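This report goes through one model, starting with the ligand site and ending with the backbone. Please keep the structure open while reading.

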Amino acid sequence: MLATSKKMQVPYINLGLQNIALKDQLIAEFWKVMESGQFIMGEALTNFEKSFASLSGTKYALGMANGTDALFLSLKAIGVKEGDEVITAPNSFLASASSVALIGGTPVFADVREDFNLDPEKVEKAITAKTKAIIVVHLTGRPAPMDELQAIAKKHNIHIIEDCAQAIGAKYKDKPVGSIGTTGCFSLHPLKNLAAAGDGGVITTNDDKIYNYLLKARNHGLKNRDECEFWSYNSRLDNMQAALLNVKLTQLDKWTARRRKIADMYYEKFKDLKIIAPRDKSFEKAVYHTFIIQTDKRDKLKEFLADMGIDTKVHYPIPIHYQEAAKYLGYKKGNFPVTERQAETILSLPVYPELTDEQVNYVADAIVEFYKTNS
Ligand SMILES: *Cc1c(COP(=O)(O)O)cnc(C)c1O
């Protein structure tokens, strides 16, 4: 049998590999910053922000301490305050919702569609007089249905904040994510498609007022070296991180192309199996932060693959409205049937650029093999 004849190891992720491939360049940039002594707000950060704005098709990009702060300070920038409601997806990483609660607002969930992104009809039903914004998550790296969501936001005169944490480089009808809403919020966490050596984040925007507010808001509310306009947070991206990220940014297009190629290989192998989420449409350029299949034999398949040396994950096993932290919001089982079903059927396959074709085929063949005896 396959399992014994050619067992291969396929970790879910191997974060060291991209650094090894860029070793000399990373060390050179690291040392430049060390020698300059410029650790906070230096030239590397300015260059990174310029490149990031250009990649996102926005006027501005601001380095932040992490993606959660990017969401939190975006909400502050548009004036969300205590008692306001912000609609988001219950199947996202919890920060899409916690950022709202941390500001004193109320996260309101709307269910998603089969492609894991917000269902515009459900979003519109969730709107009340208190709704201030929608945090649209481009989950898995696939752009959400922005035309429909923007039409709703416009009709009700509310903001869209894009949670682009999983979607750097993704495009909706040729528009880069992060350039469509009032702000775009990115994470540079080591597991994201563009990864810092630690925590990092970015906010993109075309709005001068919001940009000028955020410049101060991420830096203690300082309007210059000595004068503080309002109390605020310390949420800057380190110059050292920016220096390393400048090296990695030169590889991003290549990495994204490889992720999309791996997705193509999976889709091709799985075309006769009824286990995958709908493919990205021609106007959705997905960047495959995760490649998620759905099957009601999820746990059995996960175990079968583990036995073959293949590591998989579940993003995410507990919907946000089921979390202990969210109990006070009063949601219960049955509120979001699509999200709740998917939590039990989704499985994330390895999809990082450093995977070899042999590894991708090994994973795909193992799944096809599983289906021969389990369908
Ligand atoms: C990772 C992630 C975040 C949070 O980013 P951090 O940098 O870890 O704070 C927010 N939203 C989504 C969808 C994410 O995947």
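How many nonpolar, polar and charged residues does the shell around the ligand have?

## Ligand shell

The model is predicted. By class, the shell around the ligand holds 5 nonpolar residues, 8 polar residues and 2 charged residues. In total, 15 residues surround the ligand. The closest of these are Gly67, Thr68, Asp163, Ser187 and Lys192.

Two helices, α5 (67-77) and α6 (95-102), each contribute at least two residues to this shell. The ligand takes up the space of the largest pocket.

## Polar contacts and burial

- Lys192: an N or O atom of the side chain is 2.6 Å from a ligand oxygen.
- Gly67: a backbone N or O atom lies 2.8 Å from a ligand oxygen.
- Gln166: a polar side-chain atom lies 2.9 Å from a ligand oxygen.

The ligand exposes 380 Å² when taken alone, and the protein buries 93% of that area.

## Salt bridges

Over the whole structure, a search returns 22 salt bridges. One of them pairs Lys32 with Glu29, where the closest N and O atoms are 3.1 Å apart. Both Lys32 and Glu29 belong to helix α3 (residues 23-36).

## Backbone geometry

Most residues other than glycine have a negative phi, and most peptide bonds are trans. Two places in the model are worth checking against this background.

Which residues does a cis peptide bond join? The bond is between His315 and Tyr316, with omega at about 5 degrees. Tyr316 is located in the loop between α12 (298-307) and α13 (337-345).

The other place is Asp174, which is not a glycine but has a positive phi of about 70 degrees. Asp174 sits in the loop that lies between β6 (171-172) and β7 (175-176).

Note on methods
Residues are numbered from 1 along each chain as its sequence is written. This is a predicted model: local features need pLDDT of at least 70, side-chain atom pairs count only at pLDDT 80 or more; totals for chains, interfaces and linings use all residues. Side-chain values use heavy atoms; hydrogens and water are left out. A residue is near a molecule or strand if one of its heavy atoms lies within 4 Å of it. A polar contact is a pair of N or O atoms within 3.5 Å; within protein, one must be able to donate a hydrogen and the other to accept it, and residues adjacent in sequence count only if both atoms are side-chain atoms. Accessible areas come from the Shrake-Rupley method with a 1.4 Å probe; for residues, only the protein chains shown count as cover. On a 1 Å grid over the protein atoms alone, a cavity is a set of points where a 1.4 Å probe fits but cannot get out, and a pocket is an open set with protein on both sides within 12 Å along at least five of seven lines; lining residues have an atom within 4 Å of a point. A molecule sits in a cavity or pocket if more than half of its atoms lie within 2 Å of its grid points. Helices (H or I, at least four residues) and strands (E, at least two) are DSSP runs, numbered from the N terminus. Ala, Val, Leu, Ile, Met, Phe, Trp, Tyr, Cys and Pro count as nonpolar, Asp, Glu, Lys and Arg as charged, and the others, Gly among them, as polar. A salt bridge is a side-chain nitrogen of Lys or Arg within 4 Å of a carboxyl oxygen of Asp or Glu.
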